[in-house]
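These are my notebook entries on a structure that I looked through piece by piece. I wrote down what I looked up and what I found.

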Amino acid sequence: MISKEQFEKEIDLIIENAIREDVGSGDHSSLACIPAEAKGKAKLLVKDKGILAGVDFALQVFEYVDPNLKIDGLIKDGKAIERGDIAFYVEGSSQSILKAERLVLNAMQRMSAIATKTNIFVRKLEGTNTKILDTRKTTPGIRALEKWAVKIGGGENHRFALYDMVMLKDNHIDFAGGITKAINKTKDYLKANQLDLKIIVEARNLKEIEEILESEGVYRILIDNFNYEDTRQAVKLINGKCLTESSGGITLDTARKYAECGVDYISSGALTHSVYNLDLSLKAI
């Protein structure tokens with residue numbers, strides 16, 4: 001994953017761009033009927049059940065919109081929530097609260113949904129040594145928020161983008177002329193460009209795993225679209241020489257069985273691309 005500093009920069013960019021997109025030249029609905037000096041208070045009302053995520057992000061949004069807004073946090077990120085709970089109160093300029101409202105809700109609803117789904121996977125894998133990973137199958141422009149939500153839900157982050165880890169998948173391998181050529185070319189490239197990046201290589205069958213193991217320096221093997229028996233064989237074949245990751249259409253119903261095959265990680269794009277927003281509202285008091 002990227003550094004803490006890079007991650008924080010991504011969050012800053014998301015806030016700046018989202019406010020630009022949503023507010024533009026001004027929130028004319030509020031400007032038209034609410035005096036600039038008007039003060040108000042609102043609560044973040046939970047209308048669903050799950051894992052709360054995005055409170056810390058909301059604080060950053062309120063700070064960006066109006067540093068004078070005061071927030072009274074009641075429930076922290078990662079905590080279980082029920083319908084009727086109040087996550088926080090925000091107080092200050094009514095215009096400022098309304099300006100921040102939609103971004104706060106859009107982000108928290110989606111982040112909470114992702115954290116909730118991730119947490120279900122995490123609980124499904126309890127008792128095994130397997131961790132659940134996200135992927136790059138995220139909403140364009142808000143990847144940092146979605147990966148943040150996965151962490152809040154108890155999952156782990158895969159690479160953030162194309163630049164912070166090398167992943168040699170089937171198309172890379174085929175275009176490069178084979179697994180060994182792809183790995184060797186990658187090592188040469190990293191050395192020539194003085195890059196210290198981990199290398200993950202995808203395998204489509206047991207024969208490809210055998211070939212990957214002939215090369216040094218592979219951090220993790222991606223065991224892609226294997227059945228349970230072949231996954232067990234793959235883990236036995238790899239025998240701790242590098243980390244293992246199962247992927248390819250793994251669902252909540254099948255995740256436990258893949259974990260019991262002994263893989264270190266399971267990656268699932270569904271954590272971020274197939275969720276329904278949790279119902280949250282910001283209500284004036």
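I began with a cut-off, since I needed one before judging any side chain: a residue is called exposed when its relative accessible area is over 50%, and buried when that area is under 20%. I also noted that I am reading a predicted model.

**Entry on the cysteines.** I looked up Cys 33 and found a relative accessibility of 59%, so it counts as exposed. Cys 242 has a relative accessibility of 10%, and therefore it counts as buried. I then asked which cysteine sulfur is closest to the sulfur of Cys 242. It belongs to Cys 261, but the two sulfurs are 16 Å apart, which is too far for a bond. When I searched the whole structure for disulfides, I found 0.

**Entry on helix α10.** I looked up which residues of helix α10, which runs over residues 252–259, are buried, and I listed Ala 255, Tyr 258 and Ala 259. Looking down the axis of α10, I saw that these buried residues fall within an arc of 95 degrees, so they line one face of the helix. I reminded myself that an α-helix has 3.6 residues a turn, so residues three or four places apart point the same way. Among the elements that cover the buried residues of α10 are the helices α4 (94–124) and α9 (228–238), together with the strands β10 (243–247) and β11 (265–267).

I found Glu 260 in the loop between α10 and β11. With a relative accessible area of 53%, Glu 260 is exposed.

**Entry on α1 and α4.** I followed helix α1 (residues 4–23) to where its axis comes within 10 Å of the axis of α4, and noted that the two cross at roughly 115 degrees. The crossing is right-handed. On the α1 side the contact is made by Ile 15, Ala 18, Ile 19, Asp 22 and Val 23, and on the α4 side by Lys 99, Arg 102 and Leu 103. Sorted by class, this contact has 5 nonpolar residues, no polar ones and 3 charged ones.

**Entry on α7 and α8.** I looked up helix α7 (residues 179–192) and helix α8 (residues 206–213), which pack at an angle of about 35 degrees with their axes 9 Å apart. Here, too, I recorded a right-handed crossing. Ile 179, Thr 180 and Ile 183 of α7 make the contact with Glu 208, Glu 211 and Ile 212 of α8. By class, I wrote down 3 nonpolar, 1 polar and 2 charged residues for the contact of α7 with α8.

How values were computed
Residues are numbered from 1 along each chain as its sequence is written. This is a predicted model: local features need pLDDT of at least 70, side-chain atom pairs count only at pLDDT 80 or more; totals for chains, interfaces and linings use all residues. Side-chain values use heavy atoms; hydrogens and water are left out. Buried means under 20% relative accessible area, exposed over 50%, partly exposed in between (1.4 Å probe, protein chains only). Helices (H or I, at least four residues) and strands (E, at least two) are DSSP runs, numbered from the N terminus. The arc is that of the directions from the helix axis to the C-beta atoms. Contact means heavy atoms within 4.5 Å. Axes are lines fitted to C-alpha atoms, for helices over the stretch in contact, and angles run from 0 to 180 degrees between N-to-C directions. A crossing is left-handed if the near helix is turned anticlockwise from the far one by less than a right angle, and right-handed if clockwise. Ala, Val, Leu, Ile, Met, Phe, Trp, Tyr, Cys and Pro count as nonpolar, Asp, Glu, Lys and Arg as charged, and the others, Gly among them, as polar. A disulfide is a pair of cysteine sulfur atoms within 2.5 Å.
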